[in-house]
Amino acid sequence: MTAHDEKKHKNPAPITILGLESSCDETAAAIVRSDTTILSNVIASSSEIHASHGGVVPEIAARAHLDTLEPVVRHALQEAGITWDEIDGVAATAGPGLIGGVLVGTVAAKAMAQFHDKPYYAINHLEGHALTARLTDKVAFPYLLLLVSGGHTQLLLVKDVGSYERLGTTMDDAAGELFDKSAKVLGLGYPGGPAIEKSALNGNPKALRLPRPLKGADHCHFSFSGLKTALAQAVEKYGDAHEVADYAAALQDAITDCLGDRVTKALAIAKQNAAFAKDPVLVVAGGVAANKKIAETLDKVASNAQARLIVPPAALCTDNAAMIAWAGTEYASRGQPSSRDFAPRPRWPLDESAAPPPGRGVRP
Ligand code: KG4
Ligand code: ZN
C-alpha cells in the first residue's frame, strides 16, 4: 500500500448524497456529504395554501409535491454547484407520513437513481430527525431524543443507525397537533404553535388552571387530548371573561410542564444504559422545539440531570431534506443501500418491538 493509498484508506473521500423530503407539506431537496458538509438545502412549503383550511390537506399537498419537486431538485443541484457525476446516491423519505407525498418523493428518487446508476436509500423520516444531531453536532451514540412535531411526540434512546429504543410516545395527539388544534379554538390561525407562543407573551398563565395529563406517571408516554378538551371547555365556559392571551399562556404552560416532566423521567430511565450514563446527551428535534419557553424548560431539565442539551438550528429541526440526505450518508457509509422494491410505509415505527403505550391508539 502506498502512502497515498494509506491516507485515502484512513480518510476515505466523503460520500455525497441527494436527499428528498415530501412526507407532509414541505417539498425539499438537499445535498449533504458524509463529512457533515451541507452543500445545499432547498425547501418549498405548501403551508400557506393549507392555512386557509386550518391544517394540511393531503390531496393538495401531494399535488404541490408533484408540481414542485423537479424545480426544487434542480435548485439543490445548482446551489451545490455539482453534477450527477459527483453524487453517490439518492435518498428519499419512504415513510411515515402522508402516502401521496411519500409516493411522489420515492418514485422520483428511484427514477433518478436508476437513470444515473446510483444506489437508492429509503429513509424513515423519524430517523432523519433522530440522526440530525450527528450532522450538526457530531453527537456520538447513544443519546436521548425528544421528537416534538405536529405529527409526533416521542422519546427515543438512539443507540446506533437503525437501532432505537422507544421509551415513550403519545397515546393520542402530538404536542404540535395540540398547539394547532387549540389555536383554531382560540381563533389564532395555522400553524398554531408560533401563534400561541406570540399571544402567550401578553397573557397570564395562571389566569386559569389546566390539567397536566400523566404528570408524575411511572412511564415516559404522553397524552394531550385531555388538555385539548379542557381548553375547549374552558373557552366555552368562561368565554371573554379571559383574554385569548391568557388561554394561550395557560395552555403553553401546561404543555411545557408535561414535556418537562416526561423528559425528566426518560433521562432517569436512559441512565440505566451505562454508555448513556457516562455522557448523557438530550437532543430535541421537531417544530415545537422552536418554542422559547419549552426550550428554556428543557435546558433546566437537562442541567438538573447533568445532561448536555443539543437543539439543532430550527431549519434543521423542522422538516427538511438535509436530514434525509444525512441519514442516506449514514447508510451509505455502512454500505447498506435499500432495495428499489422497498414499499413506502405510511406507518413506520423506529422501534418495531416497542409495546403500545397504555391506553388507546398507537402512533408510528
Ligand atoms: O417539525 P415540524 O415543522 O413539522 C412536522 O410536524 O413534522 O413541526 C410543526 C409543528 C406544528 O404543529 C407547529 O404548530 C409547531 O411545530 N410549532 C411550534 C412552534 N413553531 C412550530 N409549537 C410551539 N411553539 C412554536 N414556536
Ligand atoms: Zn418531521
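Ser-22 touches His-65, Gly-101, Val-102 and Gly-105, leaving aside residues up to four places away in sequence. This residue sits in the loop between strand 1 (16-21) and strand 2 (26-33). Keep in mind as you read on that this is a predicted model.

**Ser-22 and its surroundings**

- With a relative accessible area of 2%, Ser-22 falls under the 20% cut-off and is therefore buried.
- A polar atom of the Ser-22 side chain lies 2.7 Å from the backbone oxygen of Gly-101.
- Gly-101 is also one of the residues that Ser-22 touches.

**The nonpolar cores**

- The largest nonpolar core has 46 residues, and those with the most contacts inside it are Leu-155, Leu-210, Phe-224, Ile-255 and Leu-267.
- Three strands are found among the elements that give two or more residues to this core: strand 6 (143-148), strand 7 (153-160) and strand 9 (281-285).
- The helices that do so are helix 6 (175-185), helix 7 (192-200), helix 8 (225-238), helix 9 (244-270) and helix 11 (292-304).
- Helix 9 gives the most to this core, with 13 residues.
- Apart from this core lies another, of 36 residues, with Tyr-121, Val-161, Val-281 and Ala-327 among them.

**The shell around ligand 1**

- Ligand 1 has 18 residues around it, of which Gly-150, Asp-180, Gly-193, Glu-197 and Gly-287 come nearest.
- By class, this shell has five nonpolar, ten polar and three charged residues.
- Helix 6 and helix 7 each supply at least two residues of the shell, and helix 7 gives the most, with four residues.

**Polar contacts and cover of ligand 1**

- A polar backbone atom of Gly-193 is 2.9 Å from an oxygen atom of ligand 1.
- At Gly-151, a polar backbone atom is 3.5 Å from an oxygen atom of the ligand.
- Asn-291 uses its side chain instead: one of its polar atoms lies 3.1 Å from a nitrogen atom of ligand 1.
- On its own, ligand 1 has 550 Å² of accessible area, and the protein covers 86% of it.

Notes: Residues numbered from 1 in each chain as written. Chains lettered and ligands numbered in written order. Predicted model: local features only at pLDDT ≥ 70, side-chain atom pairs only at ≥ 80, totals over all residues. Heavy atoms only, no water. Core = buried A, V, L, I, M, F, W, Y, C linked by side-chain atoms within 4.5 Å. Buried < 20%, exposed > 50% of the residue type's maximum accessible area, 1.4 Å probe, protein only. Near = heavy atom within 4 Å. Polar contact = N/O pair within 3.5 Å; in protein donor to acceptor, adjacent residues only side chain to side chain. Areas by Shrake-Rupley, 256 points an atom, 1.4 Å probe, with all protein chains shown as cover. Nonpolar A, V, L, I, M, F, W, Y, C, P; charged D, E, K, R; others polar. Contact = heavy atoms within 4.5 Å.
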